[in-house]
Every structure is written in structure tokens, then in C-alpha cells.
Amino acid sequence: EYMGIIVKSQICIFHLIASSFLFQIQTAVTQNFRSFIINTIEWYFINSNISNNKFSIMTQLITPPTRFTKEEWLLSNNNNFSNAERQRSSAERLRDETDRLCDEISNTTNKTQRETNKRLDQRIHDVSYWKSELDRAADEIGAETESLVDHRKRLIAALEDTNQPLDIANQCLMHREGRKGIDLVHDDVQRNLIKEVEVIEGVQNLLQRTIEQATEQIRLNKSAKYYLEKDVNDKFTALTIDDFAAGLVDASAGLDGLAGADKTPVSKETASPNEWEEFSNENILKADREKQNSVAIRAFIDGVLLQTQSDMQKIQEDVSLDKRIRETKDIKGKLEDHLDKVTGEVAAMEDNIEKLKNAIADKEKPLLVAQARIKERSQRPNVELCTDPAYYRLIKEVQELQENINRLRMTLNNADGELRGLIRQQLVLEDDIDVKTTSLKIDEGQCAPLRKMVNHPEH
């Protein structure tokens, strides 16, 4: 019975201690936790087998609890009321702040989306504008290229039409080289025929160079058009993507698969808006420059065709076969000696020409290889299309090969000229062995009918 009283006293003491402790921390813990502590302490003392000595020690250590006044009790209650009111006000403010924050973020999000949609619409408008400008430039350079192609066809036709007068002039020269002895005089007919050949050959060279210029300009026009069309295709793709992006809304399907796209690193090669605009503008300006150059070349072609036709018509009128060839003396013996020497030189020059042709053919393959390499390497994408050492070496190789081939061709042309001169001289020597009647037969029976066939149509 005594032990039971002691245990109950200890329980009461611990109740008072716990109550005092809980009062100090009541703003930090809940009522349930406080009940849990009290129940735990009760369970411990009720169910533990504590010896009498331990209870005695505890009774000595535990002091009686402090008694509180009614003012303190009222103050505690008021503190609890104040704390509850303050916590409730804080919670209400947090709820109000939450509503305000949600509204603010919702408005901000809607505003940002509207701004983004506006920027996308502006971007689509800009891309569409530049695409239309590129389409216009591509159509213009395409039409100009077609016109230049037609002018080149006129040049080619004019060049082909010079072959007949040149052949006739050369035939007349060759026929007149068959005159005999003293009849082989360098008269006005001979000089005008030679002049006609020179004029026609000069016209052919001019036409050929103009054809090459037109061909190169056509290539430049097509190149400019290619880059315009490539830019148009890129902008069409960009428009498709931007149209799709502009059409996305919050309810669009498949948005989860695009999450994290904003974390994709931006490439260093990405162009700025100014660079983007300058790129398309430069393509258009380049196409305009090429178009102006093409127009200038067409005007030049018109002038060349008109002038060459006039020159050839004039030189044809200057050639006259009305003069007769006077009698010649037979110097057959001396002419035969010279004929043998000329014949040998003709054979040697033909061998020399064959040697030059073989040398040119041997250099054309390496030239084609170098040009093919340049063309293939020009297909490298984006920044890979750089002027590296291999590019400069290929360019130098092409230049060297072209220079060497040009030198060989120049030498070949000289050799051909020499050969023609030898052949003419051979004909002269052979013809000088014949009689005067042969010269009359050449002028009247062979050259005159040929001259009537000469025609210089307009182009």
C-alpha cells in the first residue's frame, strides 16, 4: 500500500513536470504530440519494475511543481489565442498570396504566349517576304538565263555559218596556188582572199570567245539561281516548321515528347537575325549582279553579230576574179628541187603536229581529273566548303595544266599554220610546173563558181 502511494505520487510529479514542459513548447508542437508524451511517461512508470531504492532516489531528486497564478493562466490562454489568430492570419495571407500568384503567373504565361505567337507570326511574315523576294529573283535570273541561252544559240549558228565562206576562201586560195610559173602572182585577188580568210578567222575567234563568255555567264546565272532556289527551299522548310510551331496550343497532342527542348545547346554556327537577313539579301544582290552582267553580254552579242556580218559582207565584195592571170615562164627544173625540200618539210611538220597532239592529249586527262576533283569538293556541305590547301593546290594544278595545254595548242596552231604554208608552197611549186592555161582554168573554172555560193545571213 505504501509503495502504491509512492508510485502514484511519482506519477503526479511527472505529470506536473511534463505539463510545465509542454506549456513552454506549446507553440511548436500539437496537442496530439503532447498527449503522446504524457501517455508515454505514464506507461513507463506503471509498467516498469523500478526498485524501492530507485523510487527513493527519484523522490529526492524531484522537486514540487511550480504553482501558477490566475494571471499567468489567463496570459497563457491569451497567448494561445494570439498565436492561433496570428497563425490563421498567416495562413489566410498565404492563401490570398497563392491566389494572387496563380493569377499573376497565369496572366504572365498568357501574355508570354501571346508575345511568342506574335513573334512567330512576325517571323513567318519575314520568312515569307524573303521567300517571295527570292522567288522573284530566281524567276528573273531564270528568264534572263533563257534569253542568254537563245543569244548563245545565235552565236553558235553564226559561227557555223562562217565555215562555208572560210572553206570557199581557202579552196579558192588552194586552187589559185595551182597557177603555173609567173602566173602565180600576189595580185589583188590573192590578197583579198587571204584577207578574207583572216577576217573570217578573226570573226570565228571573236564569236568563239563570246560563246565562252556567254557560257560562263550562263553558268554563273545558274549558280546564282541554284543558291536562290536552295535558300527558297530552306525558307519553305522553315515556314513549314514555324507554321507548325505557331499552331501548337496547350491542348496539342505529343507535347510531352518535346519536353526539355529548351535545354538543347545552340550551335555556334547558328546565324543571327542580321546574318540571316544579310545571307538572303546577298543571294539576291548576287543574282541581280549576274542578271545585269548577262544583260550587258546580250547587248554585246547583238553588237558582235551585227559587226561581224558587216565585216564579212564587205570583204566578200572586195574579192574579185575579173583580173586575168598573165603568162608564166616554165621554171620546172628549179621548182622541182624546191618541191622535194618542201615535201620533206611537210612530212616532218606533220610528225611534229602529231607529236604536239599526243602531248596535248596526255595533258587533258590530268586536267579533267583536277577539274573533277574541284567539282566534287565543291559539293562539301556548310562550313566544310572551305578554301583549304588542297583547294589552292588543285586550282594551281588546273592553272598550270591549262597554261601548258595552251602553250602546246599555240605551238600546234603555229605548226598547223606552218604546215598550211608548206602545203600552199608545195601547191605553188607543183602548179608552177604546169602551164598558163591551168591558171586560167583555176580562176575561171573553179574559183568563180565557188564565190557565187558565199552567203552571209543575218542572225
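**Entry 1, cavities.** I searched the whole structure and found 2 cavities of 30 Å³ or more. I keep in mind that this is a predicted model. The largest cavity has a volume of about 110 Å³.

Which residues line the largest cavity? I noted Ala 158, Asp 161, Thr 162, Leu 207, Leu 305, Thr 308, Gln 309, Met 312, Asn 455, His 456, Pro 457 and His 459. Sorted by class, this lining has 5 nonpolar, 6 polar and 1 charged residues. I then asked which helices contribute: H4 and H7 each supply at least two residues. H7 gives the most, with 4 residues.

Next I turned to the open space. The largest pocket has a volume of about 1,700 Å³. Its lining counts 36 residues, and those nearest the centre are Tyr 227, Lys 230, Phe 279, Asn 382 and Leu 385.

Which helix gives the largest share of the pocket lining? My note says H6, with 10 residues. At least two residues each come from H6, H7, helix H8 (332-377) and helix H9 (389-431). By class I wrote down 14 nonpolar, 8 polar and 14 charged residues for the pocket lining.

How far apart are Asp 234 and Lys 230 in helix H6? They are 4 residues apart in H6 (residues 188-247), so about one helical turn separates them. Both are partly exposed: Asp 234 has a relative accessibility of 42%, and Lys 230 has 37%.

How many salt bridges does the structure hold? I have 19 in my notes. One of them brings together the side chains of Arg 298 and Glu 144, at 2.7 Å from N to O. This pair links distant parts of the chain, with Arg 298 in helix H7 (residues 273-318) and Glu 144 in helix H4 (residues 70-161), 154 residues apart. Is Glu 144 buried or exposed? Glu 144 counts as buried because its relative accessibility is 7%, below the 20% cut-off.

I also looked up Asp 302, which forms a salt bridge with Arg 154. The closest N and O atoms here are 3.0 Å apart. Asp 302 sits in helix H7 and Arg 154 in helix H4, so this pair ties together parts that are 148 residues apart in sequence. Asp 302 is partly exposed at 33% relative accessible area, and Arg 154 is also partly exposed, at 27%.

I ran a disulfide search over the whole structure, and the count is 0. Cys 102 is partly exposed, with a relative accessible area of 47%, whereas Cys 172 is buried at 1%.

Where does Ala 169 lie? I found Ala 169 in helix H5 (residues 163-176). Ala 169 counts as buried because its relative accessibility is 0%. Which residues does Ala 169 contact, leaving aside its neighbours within four places in sequence? My list reads Leu 193, Glu 196, Val 197 and Arg 451. For Leu 193 I also noted the C-alpha separation from Ala 169: 5.9 Å, with the two residues 24 apart along the chain.

My last stop was Gln 204, which lies in helix H6. Gln 204 is buried, since its relative accessible area is 15% and the cut-off is 20%. With neighbours within four places in sequence left aside, Gln 204 is in contact with Leu 159, Thr 162, Asn 163 and Leu 166. Thr 162 was already in my notes as one of the residues lining the largest cavity.

Terms used: Residues numbered from 1 in each chain as written. Predicted model: local features only at pLDDT ≥ 70, side-chain atom pairs only at ≥ 80, totals over all residues. Heavy atoms only, no water. Salt bridge = Lys/Arg side-chain N within 4 Å of Asp/Glu carboxyl O. Buried < 20%, exposed > 50% of the residue type's maximum accessible area, 1.4 Å probe, protein only. 1 Å grid on protein atoms, 1.4 Å probe; cavity = no way out; pocket = protein on both sides within 12 Å on 5 of 7 lines; lining within 4 Å. Points joined across faces, edges and corners; volume = space filled by probe spheres on them. Nonpolar A, V, L, I, M, F, W, Y, C, P; charged D, E, K, R; others polar. Disulfide = S-S within 2.5 Å. Contact = heavy atoms within 4.5 Å.
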